[in-house]
Every structure is written in structure tokens, then in C-alpha cells.
Amino acid sequence: MTETIAHQLFNVTIDNITIQVEPGTSILQAARLVGGEVAPPAMCYYEPLKDSGGKCRTCLVEVAQGSTKDPRPMPKLVASCRTTVMDGMVVKNITSEKVKAARAGVVEFLLLNHPLDCPICDQAGECHLQDLSYEHGVENSRNDFKKRIFEPVDLGPHIQLHMTRCILCYRCVFTADQVSTCRNHGVLDRGDHAQIATFIQKNLDNDFIGNVIDVCPVGALTDKTFRFKNRVWFTKPVNAHRACETPNCCGETILWLRGEEVFRVTARKNEWGEIEKSNKTQKTGWICDTCRFDKKNTADWAIEGLAEINRHSVIGQGKYSNLEIPEETFESVMHGSKPHHLLDIHEVSNVNSHPKDLSQANRPMHSQDFVS
Ligand code: SF4
Ligand code: FES
């Protein structure tokens, strides 16, 4: 006789919302299932990259109850990207004053060496550190010391490194290891001297290395083919694809247009700012350098339509991606009336007497004017 073992899900409560998740789910992933502000910010964790997370501490949360079996709270705030849920766990994120204070402190630390060069930084408008400091930071800096300064470094023909902006999240290192064919860069030295650097000034120029630009949460790794050419919010993002022959390239991208000109090509990202899986091929959406840097004509692409941009993003200003055109016509909704009849308010209104023509009024109208 075969015994059926019931698949047990864990109950976890985050900011007073209880959901059920698979064992092994991290608190961050569980919070993302709830969505919105309940999901802690993450500057180093990146779901498509194995072993990412645990570096930046922006995702700290309070565990008010460890589990049903052991309801004691955890003594310190924990990194939600690296802590798995237990059955009956109770987590506080935005409902915890401790978390808010700690996160403000983390932002302060991340900004200790970060220059305030947003007005000239190509990442402005899509910088996760900019968003983080706006949403979770404090107004002033208490830092009186000099910031670390590095000269910008050309990492080959397509990528420039501004180490002064780097927050040492390691995402680009994992990307080079796991996505591109070879890694020529890493974090050299430790502590205050730690920096992203190539081995003996090597170029980063293998097939998939451009993806380091997409994973970098700040403006430390920038696309040299786009630098200083335009502000990202002046461009129009459209989804596009091409039949790319590079193995493992998903071929689905966003083209950032101004008129007909393609200013840059990037991979598609989900609501958490991470590379999105292709709907058609189920490949992870990494794109090759040919798609990214060499296909800068609209004729190279099949354009699908406006890319979906978060409404709160500055990039979304003036662009509406989800405009749904209703199938019904005015005539069918208005039982045969033509649209121009709708404009003749005097014909249909029971409030205004017919002879009153508002366009002829020579003074502001009062409530008495509208009584028929
Ligand atoms: S260069 Fe960017 S992706 Fe790489 S470690 Fe620094 S911040 Fe992270
Ligand atoms: S996102 Fe968890 S430590 Fe960085």
C-alpha cells in the first residue's frame, strides 16, 4: 500500500497578512508574493542569480515570532533575502519601527561613499539607490569625512566603470560568473579598499557581459553607447524582439526610442527590477551583446508595443502602457445616439434650462442660474 504524504505548506504572517508558502521560501520571496510595500527593498539580492543576497542589509526585517513550535522572537533584525520562513513565523517589515530606523541607517551607510552626482549620472531615473534613499533614507548626512574617489575606468568598448558609485553588491560578479562565458573582473581588496576591478586592466568584452549593466542597481556600470546621449525619461521604451542566433540569448528586449532613433537596448525587467523570464521561450531574459550594442536600428527588430513601466517611475511620465481601448462603440453604449449628441448638454440635461447658453454668459454663473 502506498502512503500519500500530504504536501505541507508553511503559514507565514508578514505585516499582518498571512499567506502559505513552500518550505524553503525566503522571507523576501514570501513578502514579494504579498507584494507592494510589504516586500522589503533589495539592493544586492537578485533572484535569477544563484547565491546573490546577504551583502547590503537593506532587506532587514523583524521576526516577532520564530515559528509555531518556537514562538520566541529572533533577537536581532535579519536579512530577509537569506532567512527562510518557518511554519507560524510572524514577520514585521513596514509595521516595525526598528526596521524603519535600521533601514534608514543602512541607507546612510550606502551613501557614505556615494557621490551626489545624480544630475549627471546616466542611471538617474532608474537608480535603485536613488529610490531607496528617497523612500527609506534620512534627509541629511552626518558624514564629515572625505568620500572615496576613483577615476572612471573604460572596461572595453562598451562598458564604463564609475567605482565611486558602486555599492559592492556583487551582482555584476555573479552575472559574469553565471551568465557570460568568462569572468575578468571581481572585487579586489577588502574593507574600505574593496573595489570592482578587472585583472590587469582587462576588457570586459565577452558575449553576455553587457548584462552587468542591467543588474547594476546604481550607475557604476554604464553603457558607453548610451552615456550622456539622453535622459532616460525623455525616451520611449517599447518591447521588441528579434530571432537572435546567439545560443542562450532570449532575443526579447526593450528599445529606448526617441522618434525613430534607438538610443539603447536593454533586457526586460520585472516589477522588482530583475531580468524577466521570456513568456514565449521560458528562457531567462539575458540578452547577448550583439542585441544590446549592435542592433540600434528599428529595422533590426519586430516592435511589439509600449513597454509596461511602473506608474510611479519617472520614466512613466506621460506614457501610458495599459490603455485599454473598449470594444463597445459610443453608439452601442448610448443606444444609437451619435457622439456629437453627447456634446449638446442642453438637449439632454434636466438641470439647465434649454435657453441658457453657457458660452454666452458674460459673468461667472451662480447656482441660481442652473435652476430650471
Ligand atoms: S559595479 Fe554595480 S553591480 Fe557591480 S558590485 Fe558595484 S554596484 Fe554592484
Ligand atoms: S537584499 Fe538582502 S542583504 Fe541585500
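Mentor: Two strands pair if DSSP finds at least two bridges between them. Helices (H or I, at least four residues) and strands (E, at least two) are DSSP runs, numbered from the N terminus. This is a predicted model, in which local features need pLDDT of at least 70, side-chain atom pairs count only at pLDDT 80 or more, and totals for chains, interfaces and linings use all residues. Residues are numbered from 1 along each chain as its sequence is written, while chains are lettered from A and ligands numbered from 1 in the order in which they are written.

Trainee: What makes β6 and β7 a pair?

Mentor: β6 and β7 (residues 159-161) are joined by two bridges in the antiparallel sense, and the definition asks for at least two. Therefore they pair. Within this pairing, Asp154 stands opposite Gln160 in β7.

Trainee: Which strands form the open sheet, and in what order?

Mentor: The order is β6-β7-β10, with antiparallel pairing.

Trainee: Why are β6 and β10 called edge strands?

Mentor: Each of β6 (153-154) and β10 (221-223) pairs on one side only.

Trainee: How do you know whether Leu132 is buried or exposed?

Mentor: A residue is buried if 20 or more other C-beta atoms, placed from the backbone, lie within 10 Å of its own, exposed if 12 or fewer, and partly exposed in between. Leu132 has 23 such neighbours inside 10 Å, so it counts as buried. Leu132 is found in helix α3 (residues 128-136).

Trainee: What does Leu132 contact, beyond its neighbours within four places in sequence?

Mentor: Contact means that two C-beta atoms, placed from the backbone, lie within 7 Å. On that rule Leu132 is in contact with Pro41, Met43, Thr58, Val107 and Gly137. The C-alpha atoms of Leu132 and Val107 are separated by 7.2 Å, but the contact rule uses C-beta atoms.

Trainee: What makes a set of residues a nonpolar core?

Mentor: Its members are buried Ala, Val, Leu, Ile, Met, Phe, Trp, Tyr and Cys residues joined through C-beta atoms within 7 Å. The largest one here has 74 residues, and Cys216 and Leu221 are among those with the most contacts inside it. Cys216 touches Leu221, as well as Arg171 and Cys172, not counting residues up to four places away in sequence.

Trainee: Which residues are closest to ligand 1?

Mentor: Cys166, Cys169, Cys172, Cys216 and Ala220 are the closest of the 14 that surround ligand 1. A residue is near a molecule if its C-beta atom, placed from the backbone, lies within 6 Å of it.
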